[in-house]
Amino acid sequence: MNWTTTIGCSALGKGSGSVTSGLRLRMMGLFAFFIIVFVAKEIAGFTYKSNLLLLMFLCAAILQSGGHWVWPYLGRWLGWPDKTANSALTCHSSVVDLFATVGIVYLTGMIGSPFLFLLVVPLFFASHAFASRPASTVYLAGMVFTVGLLGYLEMKGVIPHFDCYPFENDVYLNKHFFIGSLLVLGGFLSLILFLSNVFQHRFSDSVNSLAEQDRDSRDKIQELTRLYDISLGVNAVMTVETLLKMVAKEATLLLSKPWAGILLFRSNREITHAVSVGAQETDRGFTVMNRNVGPLTEWIAETNKPVVVRDTLADQRLKGDSMLSDTRIRSLVGLPLSTGQRTIGVIYVGDYVPKSIDKHEVRLLTIMSDQLTIAIAKSTLYETLQRKLQMLEAKLEDLEEVNHLKTEYVSHVSHELRTPLTSIKAYAETLGEHIEDPNFTEKKTFLSIIEKETERLIRIVNDILDISNIEFGQRPLERQVLNIRSVIDEVTSALQPKLDEKNIELQTCLPEDLPRIDVDKDLITQVFINLVTNAIKYSSEGTTITVNAEEEAVSVKISIKDEGIGIPQAQIDKIFDRYYRVKSDKSRRDDGVGLGLAIVKSIIDRHGGMIEVESEENVGSKFIFTLPKEHCVNDLLSYFSQGADGKSGLHETLLNLIVRIIAELLNAKIISLMLLDRSRSELFIKVSYGLDEWVVEQARVKVGEGIAGKVAETGVPLLIDNIEKNGIHSSPNNPQYETASLLSVPLIVSGVVVGVINVNNKMNGEPFDQDDLNLLVSFGERISKALERLRAAEDWSFELQNTVEAVKKMVEQQIETKSIERIVDLAVKTSRKLGLSEKEVKVIQYVASVHDIGMTKVSDEILNKTFHLSREEIKEIQTHPEKGAELIRPLEFVELVSHIILYHHERVDGMGYPMGLKGDHIPLGSRILAVIDAYQSMTTERPYREPSTETDALRELVECAGRQFDAEVVDRFIDVLADEGSISPEQAAGFKGMLSEGVGSETH
């Protein structure tokens, strides 16, 4: 039996489990028949042909097992479907069963056989094997007909009669007995068939019911497991925005719906968060046309009850609810998110077709909404605590800094005042002792020394007061627009005696069209006096001091160069420190206290500029600093110091900083940020840079008219090649416009255009291109999201300060990183060479412009260090990707941006920082920036080394490809440099050959 079972299994294959089980049952039936027949023979003393019965059993077994092997193979050979082959096998097995049972009956006495009851067994098998009752009935009829036919043939003597009784039994020759027995047999078998069918039906119902209950139990277990997993995930999320996105996504998966959305609002129904998630990228989310909830959300909030809408078009509560109707949802369920007696939000789950939503789905969503409500309360509390903790940490840092400054201040003041006071005291005491001595002839000399020391003491006190007032904001900036030439002329006149004393000439080289500066005149005059005085002090007689100036995007760069003794390289990074004086054999001891340059740096910083020095011993020094041009934005600290206390004041600060960074990003001279005056349907200039005041005051653009009006109406950014020939009705080119090219992009907050940003006059005189527009759009989108979050934030002052700080750091980075435009250009070109989509290129373009923002958090002392860095200093530099990702967070809504910034110093071999990611686990944008950043760093001069040539830098990239850098990115970067002409085609081919050999050898 094991052998036949094995044959059946192998013949039927993997899908033959039920068929193999049927064969096993039939073989067990044959074996049971065999046992019954031969045990009965011994017990009852029956006399029948055992050899014929054994032969019949053997034939039946062979036919059963052979059929399970033949029919599947025959079906595959004839190309039958599996169902047809299985049906043929079922018929075959049923016929063999009938043959075996009728054979037993025939060989043991036919109509008088004691084994007629065995006919029930094949009938039972047949009733379960055949799908329809008619087939079972036909099988029953065939069985009765076969028995009747064989009995009839026995009566006629056509076939031999076999008897199992030891005595004469001619009952089979009795026609009436034969017919009666057949009727009884047919009736009995019919009853058995009926009972079997009823039992099978009820058994199937019971099995189906149990299977349904099992499926329900499994579904409930899965749902509970899913809800438990969601609960764990919800409890692990701390920020509200991330929490809402996660729950919305989980709701679509749990309820198998294509769309979910969550709204949070204040008690006055003003929306603070609106998050929606669709199954496809084309699915629409919430369009919040105003900050208040719609009618259906209002109804749910008021009643604090769930709502189920089968068809949104037929529900009156959705009339006029543009926020929900814009999602195109046709059926939905909405549940309130309640904390006690207050409803803080609503969660929606919906479908794009009208359909009923059952109670089971509502129950699941109710459980999820309860979890979400608790998590929101926890996240809100966490964010509040985080804000307070950050504020406390900031205040603690301020207090520690103040305490440090106080200690340092007292120490330096005591030291600096001690010298002149000691000298005055000594000479005064000596003079007092000899006041009446007529022979003491040094009286006038002592009085002269006391007078000089007193003047020195007054200068020291004045310097200390100046630096204190400037650094602690006690001296507010009194800004006015000045001509640099007039300031320099005034300084030259004041210092002319000192210049004449050493026969030093002060030369100025100022362009005629140099713009005016927006500064505090007294403080900037002091800057020039301090720097020129230093130049005079450390210059030899007969030398020249040169003052140069040139225009930049948002500032004027000024340099003051002397031909003096210079500054040792090791001391350059310390000369702006308070109380620091250069130590050199050639610099004589003077009466200064080391505050002059510290005062200069403080004043420049207050004006939002920067200062640096280039110096070489025995050649001279060159101090370079920047001052804001007319119409330029002031530094953030100056806005705070001038009392920008209200929310609108801080918003204006942010808008001014936005204008400044746009000017730096796009290297443009004219920027205007126009806001929409909804009552008049007009745009007016809120903040500008590079425009005359009369233009700002008079400019009004109706929505739909002109370039800016068209952008405000459509919300579509525009790149205008020629402002006078653009196909849009507008005024002729303004005389202030030096170029005909213009960018105009919308400022969209919560789905509504609230303003327009216009950019004109590129510094290099070239027209703007599509990449410029993409960069402006990317930045505008982030500013829009930041303004949207500010409007919805409970603690707006904290969020606003974070946002302003982020923009301010971006401005600092643009000022300090003059090669940023080159980095952006290379990143865009390399991304396109790699076949990235324009959407991906835009992201990388924006990230390239801000990726090193974290370096603004690293101290200048470390960045300007000319010697080897300590382990702690290296660790501080390596934290800049994390600091950058954190700084950019208030402006960022695309997670990939933060990831690219965070991982742009990872290496493909896993040896980078901060996470040690490897290979493709590093975002492609990070791998692109790693190559370009390294190349630009190598080809840029540093305080501690000379710049490398382009070919040397490229050779370094190629040699490190496959270990530090992505080989494919390096390969495409070579193509970019070749297209630009930075390297020749022959050099490009050589580098590519080196690259393929290097990567191939590493692979092997």
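The legends below describe close-up views of a predicted model. Local features are given only where pLDDT is at least 70 and side-chain atom pairs only at pLDDT 80 or more, while totals for chains, interfaces and linings use all residues. Residues are numbered from 1 along each chain as its sequence is written, and side-chain values use heavy atoms, with hydrogens and water left out.

View 1. Helix 3 covers residues 50-78, 29 residues in total. Helices (H or I, at least four residues) and strands (E, at least two) are DSSP runs numbered from the N terminus. The expected span of a helix is 1.5 Å times one less than its number of residues. Just after helix 3, Gly 79 has a positive phi of about 80°.

**View 2. Buried residues of helix 3.** Buried means under 20% relative accessible area, exposed means over 50%, and partly exposed lies in between (1.4 Å probe, protein chains only). The buried residues of helix 3 include Leu 53, Met 56, Phe 57 and Ala 60.

View 3. The structure holds zero disulfides, a disulfide being a pair of cysteine sulfur atoms within 2.5 Å. Cys 59 is partly exposed, at 32% relative accessible area. Cys 509 is also partly exposed, at 47%.

**View 4. A nonpolar patch on the surface.** Phe 31, Ile 35, Val 39 and Ile 43 make up this patch, with about 410 Å² of accessible area together. Areas come from the Shrake-Rupley method with a 1.4 Å probe, and for residues only the protein chains shown count as cover. Patches are made of residues with over 30% relative accessible area and no salt bridge; like charges are joined within 9 Å, and nonpolar side chains (Val, Leu, Ile, Met, Phe, Trp, Tyr) within 5 Å. Ile 35 lies in helix 2 (residues 17-44) and is partly exposed, at 38%.

View 5. A salt bridge is a side-chain nitrogen of Lys or Arg within 4 Å of a carboxyl oxygen of Asp or Glu, and the structure holds 21 of them. Lys 702 and Glu 682 form one, at 3.4 Å from N to O. Lys 702 belongs to strand 15 (residues 700-702) and Glu 682 to strand 14 (residues 682-689), so the pair ties together parts 20 residues apart in sequence. Lys 702 is partly exposed, at 39%, whereas Glu 682 is buried, at 8%.

View 6. Arg 832 pairs with Asp 771 in a salt bridge, the closest N and O atoms being 2.7 Å apart. Arg 832 lies in helix 22 (residues 820-833) and Asp 771 in helix 20 (residues 770-792), so this pair ties together parts 61 residues apart in sequence. Arg 832 is partly exposed, at 33%, and Asp 771 is buried, at 17%. Lys 829 forms a salt bridge with Asp 825, with 3.1 Å between the closest N and O atoms. Both of these residues lie in helix 22, four residues apart, about one turn of the helix.
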